[in-house]
Amino acid sequence: MSQFTQQIILGLLLGGIYVAVALGFSLVWGILNIVNLAHGALVIVGAYITWLLFDRLHVDPFLSLPVDALALFVLGYALQRGVINRVIRAPLLFTFLLTFGINLVIVSLVLLIFTADFRSVTPSYSGNGLHLGSVTIPYIRLGGLAVALLLAGILWAILNRTRIGAAILAVGADRDAAQLVGIDLRHIYALTFAIGAAFAGVAGGIISTSQSITPTAGDPYTLQSFAVVILGGLGRVSATVVGGLAFGLIEVLGQSAPGLGSGYAGAIAFVVLVIVLVVRPRGLLGRLA
Amino acid sequence: MRGEKLGPCMVGLALLLAACGTSSTGNSPTSGSTLVFGAAVSLTGAQSKEGGLTKQGYDLWLDWINQRGGIVVNNVKHPVQIKYEDDQSDPNVSATLVQKLITSEKAQFILGPYGSAATATDAIIVERDGIPMVEANGAAQSIFNHGYKFTFGVLSPANKYLTGVLDMAATLSPKPTTIVMLSANDNFSLEVAKAVADYAPSKGMQVLVTKQYPAAALDVSSLVSQAKALNPDIVMNSGHLAEAININKAAKQLGLNAKIFAYSVGPSTPDFISALGPDANFVFDGSQWTPQVKYKPTFYLSVSDYVKAYEAKYNSSQPPDYHVAESTAACLAFQKAIENAGSLDPTKVRDALASLDVMTFFGQIKFDSRGINTFKPMVVEQIQSGTHYTVFPTDIANGRPQYPTPPWSSR
């Protein structure tokens, strides 16, 4: 039983990482209608900034998260304003091609700067955890989950409690009407993408503490963000949180399912995804389109 | 008239030839035809790094043998030439190039490519043409299960990768008895994992469970916590560098304390130590060869001279890794077999390879009936204070195993 509890906890902690990664992806998709294939690359850039600060200046990985956010915010704003904005009203295929290309460029640049060597951030307290009987909760992963939920809270507050957030939602709802009431479309687009990128950077910082990173390690996170958004539903912060936690749980429970090798964990997760799509096409918490 | 004039000339010519003959027979051998070796290695593409190391190993021997005038066959020295082709890291291209090397480049002997996949396709070509191939970079046993007669591998096969760790563990006190194996689900990793499960009972140990995960899995925390629940003495991973790092991190986070942590691939690379820092200490791995081994070779260079020769030729501050060493060993097997055969006939050289038994800087080279070297042990390394030490087999080691691994909380 305690083993089952342990798996549930690990699933939620893993889900926390998925929530952090998917928040920005979901925002950009929902508002800008761009499926950002470079999202995983942005995550990895954040991971490398955290690693660099930890390795060179011994900055605690959690303290470097605001730096990740700021750096990626600037990068995201520039990318959207300078490059992606040019195809914003083009057919979906163009944004796919463009973000795919941006992904390749970022990965290659990271490869040039940091080489293909494996890196990892291992602070001194990474072995510490909360021990409840035979159940262990590593503090560092608990910290990751807390940051993910904090990010979700911040995003919800931005969208629902600020004028900028209202403008972002307005653009998402109807961009022509938003422009008519005096919203600077290009600025809001760039701001939305920048917030998405900043969240990706923070997610990367969290990931660097629990996994090894290389320049090419970001691609799976793009795919997982996609799955999380489909599972949870588009257009709501709470949907991404539920989708991320659910996806983490499904994956971990798939790995520990008796009688099945964990080689099937990925397959189980995507079978659940397909079932959700069939039964509830808008996702667990998604709004009707 | 003409005949009378020609007569003395012929006598003179004969004397001259005889003189030449006398001067070069006796103790020092004559120079014979150049021996042509062919090798299709990956110089571009995904495996260009490893292919380049393979070529370095071949070239290191090539310089050495030609400085000595070549391979001696029946008192005739044959200089050696290696013709290279670039297989672009594609096994099918490799096979085509080996065919070209044999038919149009007239290669008499073939040195293996890099990787199990290319070795498997090349083996088909050399078998059909009856040309011996000695390979150094294909460890999958599947290559040797087809009954081929002309392919020989100098390296230890995949099933030996972690069994050396069990041999070592059996000598330790208190003796560890239970194993949890976390294995990636690719063919090579599963071959390594299965061999451990089959071999453990003979050492009085037991694999409690073998947990498979998809190759390049991002999160292994669930697997590690399942391993922890079983409280094994030994935690093993048969997989790749990324997962080895992730498993080690998760083991620390979740407080999985085993007496031995042993990973098949990963800890032998510098990346493992730089990524994990002090957490890399105490981890064991299996390696084909290390620069610290203490074999007593009967010919070619000693281990330390080999390392020096490598560092001088390639202007390197790093000692050669095992890819280089095993590639040189393939050349040595050919050299000894050709000398033993006393012939350049491919079939006679093949027979000499089959009965070869020599000690080199790389270890013993001797082939079983399938043609793979099951006689050389895998070396066990351990990371101690951020440095690799060879700890097993004891007679060639430069360090002693640090055992048991202390719990994470007191490292």
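Trainee: In which sense do β2(B) and strand β6 of chain B pair?
Mentor: This is a predicted model, in which local features need pLDDT of at least 70, side-chain atom pairs count only at pLDDT 80 or more, and totals for chains, interfaces and linings use all residues. Residues are numbered from 1 along each chain as its sequence is written, while chains are lettered from A and ligands numbered from 1 in the order in which they are written. Strands (E, at least two residues) are DSSP runs numbered from the N terminus, and two of them pair if DSSP finds at least two bridges between them. With β6 covering residues 109–111 and three bridges joining it to β2(B), the sense is parallel.

Trainee: Which residue of β5(B) is the bridge partner of B:L35?
Mentor: Strand β5 of chain B spans residues 80–86 and runs parallel to β2(B), with seven bridges between them. Within β5(B), the partner of B:L35 is B:V80.

Trainee: Why is β2(B) largely enclosed by the rest of the structure?
Mentor: A residue is buried if 20 or more other C-beta atoms, placed from the backbone, lie within 10 Å of its own. Strand β2 of chain B, residues 35–41, is largely enclosed because the buried ones among its seven residues number six.

Trainee: What is the strand order in the open sheet of three strands in chain B?
Mentor: The edge strands, each pairing on one side only, are β1 (30–31) and β3 (71–73). β3(B) pairs with β4 (residues 76–78) in the antiparallel sense over three bridges, and B:V73 stands opposite B:V76. The pairing in this sheet is mixed, and the order is β1-β4-β3.

Conventions. Helices (H or I, at least four residues) and strands (E, at least two) are DSSP runs, numbered from the N terminus. A residue is buried if 20 or more other C-beta atoms lie within 10 Å of its own, exposed if 12 or fewer, and partly exposed in between; C-beta atoms are placed from the backbone.
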